[in-house]
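Student: I have a new model open on my screen and would like to talk it through. Could you help me read it, one piece at a time?

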Amino acid sequence: TRLAFALISVHGKYPLLREAEVRAWAVEQLVLCTNASAGVDTDDGLETASNIPSDWLRDLFTACLSNAGSYVERLYTRASPFPSQESLSVASIVSAEASPIENNDVYQPQEERNRIKSALSSSPESGGLDFDLMIPALLLLQRRSVKWSEDAIFSTQSILNELCDLAGRYSPYESAFAFDSATVTRLCAISENVQAAANLIGGRNGFVLKCADVLMTCVGMTMDKAENYLLTGEVNVGPPRQIHISDAVAESSFIPTNGHHQLLSLIEEHVLIVKTYGEFETKHIRGGVNPVFAARVCLRAWLCLMRHDSPSSGPWLVSWLRDKLGIADDENGKSKKRLPCAALCRALLWPDDSDSVDGFNRTGSPLLAELLGFEPKFWIQLAQACCGLIEAIPPSIAERVMDGSHGTVVKGLTTNVIFSVN
């Protein structure tokens with residue numbers, strides 16, 4: 001009875017959900033239900049809360065959208081054709097194994113994300129989205145493998161990801177209720193929904209979680225091992241991969257999996273769209289991710305997938321990067337995206353800070369470009385495309401370049417690195 005009472009509609013709005021007492025009760029029931037579904041010990045009210053119907057969770061989510069003045073209809077219509085949501089949506093990445101995608105073309109989820117965020121946008125005087133109700137409701141639906149709506153074109157996980165991303169960002173409009181981020185983050189954790197938690201946390205830590213989720217899903221790594229590998233590279237991924245003539249044939253037969261598509265999406269979002277020098281300095285940007293760090297983490301994750309079950313994915317990735325950067329195979333390194341080239345150059349051709357002394361590799365560990373099996377011609381073209389950019393070299397060397405204390409030794413540093421490993 002109280003469940004139905006909380007969702008009484010008046011002229012398309014649900015005023016009781018804006019009442020502090022009713023809202024507090026609904027939040028409590030969602031927390032208890034999430035605890036019950038995860039097997040966490042709780043206090044009184046467990047039996048009632050654990051029986052919350054999925055239909056009520058659906059209605060609660062749409063009721064919150066209506067109260068916020070969101071464009072709910074945009075979640076049911078599609079302006080342009082998309083690949084199959086069941087095979088390509090972010091939700092499918094949660095499956096036990098990464099399943100092959102039939103189309104060799106890379107799926108671009110950015111349009112999907114933009115449409116979801118557009119639909120979730122709230123009107124200025126509505127009081128905003130009630131994340132404390134909406135996120136737990138979707139977490140429960142996703143855990144039950146229930147669609148948030150039978151007629152919707154976007155998956156529950158896709159909407160949950162964008163909702164968590166919005167919850168962690170600044171809103172220009174005043175919210176009717178303060179967001180309890182600590183409790184919701186805990187609910188994401190006990191629900192074992194890494195993607196939701198990653199989007200809620202955001203920034204560098206959230207980015208690492210997104211890549212770690214790919215390795216956990218596709219390779220079977222534990223969370224601790226995946227995070228350690230992505231941050232340090234200290235996992236035995238085998239010796240440097242040798243480039244063979246047959247790679248051209250292997251490239252044409254490689255089919256990206258859901259895990260590969262997730263990494264490609266992250267590379268596009270955090271590396272390939274870099275347009276300003278300030279994006280390389282993220283210390284003062286809330287939730288910012290340094291493009292060099294993003295490139296290195298994504299490429300390490302790609303390497304792990306390559307060693308696991310897709311050895312021919314290296315040449316394929318080179319072709320994809322050429323296309324995105326506009327670097328022709330038969331020309332010198334020229335690209336309009338010089339800053340993305342600089343970020344990739346740093347990640348591929350220079351050692352990580354932990355493996356370097358004064359910017360040079362002193363530990364003897366192979367560079368990412370070697371491990372991935374990228375052809376030397378692409379290394380050179382990449383270096384040429386960002387020639388003259390200080391962002392293409394490590395900070396320790398960049399500082400000496402700026403004060404002029406390194407003399408002519410700095411000239412051609414990246415080129416020297418390329419030829420020193422061949």
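This is a predicted model: local features need pLDDT of at least 70, side-chain atom pairs count only at pLDDT 80 or more; totals for chains, interfaces and linings use all residues.

Student: Let's start with a loop residue. Is His 11 buried or exposed?
Tutor: His 11 sits in the loop between helix H1 (2-6) and helix H2 (20-37). The cut-off for exposed is over 50% relative accessible area. Because His 11 has a relative accessible area of 82%, it counts as exposed.

Student: What is the phi of His 11?
Tutor: Most residues other than glycine have a negative phi. His 11 is not a glycine, yet its phi is positive, at about 55°.

Student: Which loop holds Ser 145, and is Ser 145 buried or exposed?
Tutor: Ser 145 also has a positive phi, about 60°, without being a glycine. The loop that holds Ser 145 runs between helix H7 (131-143) and helix H8 (156-167). With a relative accessibility of 69%, Ser 145 is exposed.

Student: Now for Ser 335: is it buried or exposed?
Tutor: Ser 335 is in a loop as well, the one between helix H16 (313-325) and helix H17 (338-349). Buried means under 20% relative accessible area. Because Ser 335 comes to 13%, it is buried.

Student: Which backbone atoms lie 2.4 Å and 3.0 Å from a polar atom of the Ser 335 side chain?
Tutor: Let's look at the surroundings before the atoms. Not counting residues up to four places away in sequence, Ser 335 touches Leu 325, Ile 327, Cys 341 and Ala 385. At 2.4 Å from a polar atom of its side chain is the backbone oxygen of Leu 325.

Student: Which residues have the most contacts inside the largest nonpolar core?
Tutor: In soluble globular proteins, nonpolar side chains tend to be buried together. Here the largest nonpolar core has 67 residues, and those with the most contacts inside it are Leu 344 and Leu 348.

Student: Which helix gives the largest share of this core?
Tutor: The largest share is 13 residues, and they come from helix H15 (residues 291-309). That helix is mostly covered, with 16 of its 19 residues buried. So far as the core's largest share is concerned, the name to remember is H15.

Student: How far does H15 reach from its first C-alpha to its last?
Tutor: At the start of H15, a side-chain oxygen of Asn 290 comes within 2.7 Å of the backbone nitrogen of Val 292. H15 has 19 residues, and at 1.5 Å a residue the expected span is 27 Å. The computed reach is close to that, at 27 Å.

Student: Which side chain of opposite charge is nearest to Lys 210?
Tutor: Lys 210 is in helix H11 (residues 203-218). Leaving aside neighbours within four places in sequence, its contacts are Ala 198, Asn 199 and Leu 266. Lys 210 is buried yet has no salt bridge. The nearest side chain of opposite charge is 5.0 Å away, and it belongs to Glu 269.

Student: To finish with the whole protein, what percentage of its residues count as buried?
Tutor: The secondary structure comes to 21 helices and two strands. Among contacts between residues at least 6 apart in sequence, 75% join residues at least 24 apart. Of the 422 residues, the share that counts as buried is 51%.

Technical notes: Residues are numbered from 1 along each chain as its sequence is written. Side-chain values use heavy atoms; hydrogens and water are left out. A nonpolar core is a set of buried Ala, Val, Leu, Ile, Met, Phe, Trp, Tyr and Cys residues joined through side-chain atoms within 4.5 Å. Buried means under 20% relative accessible area, exposed over 50%, partly exposed in between (1.4 Å probe, protein chains only). Helices (H or I, at least four residues) and strands (E, at least two) are DSSP runs, numbered from the N terminus. The expected span of a helix is 1.5 Å times one less than its number of residues. A polar contact is a pair of N or O atoms within 3.5 Å; within protein, one must be able to donate a hydrogen and the other to accept it, and residues adjacent in sequence count only if both atoms are side-chain atoms. Lys and Arg count as positive and Asp and Glu as negative; His and the chain ends are not counted. A salt bridge is a side-chain nitrogen of Lys or Arg within 4 Å of a carboxyl oxygen of Asp or Glu. Contact means heavy atoms within 4.5 Å.
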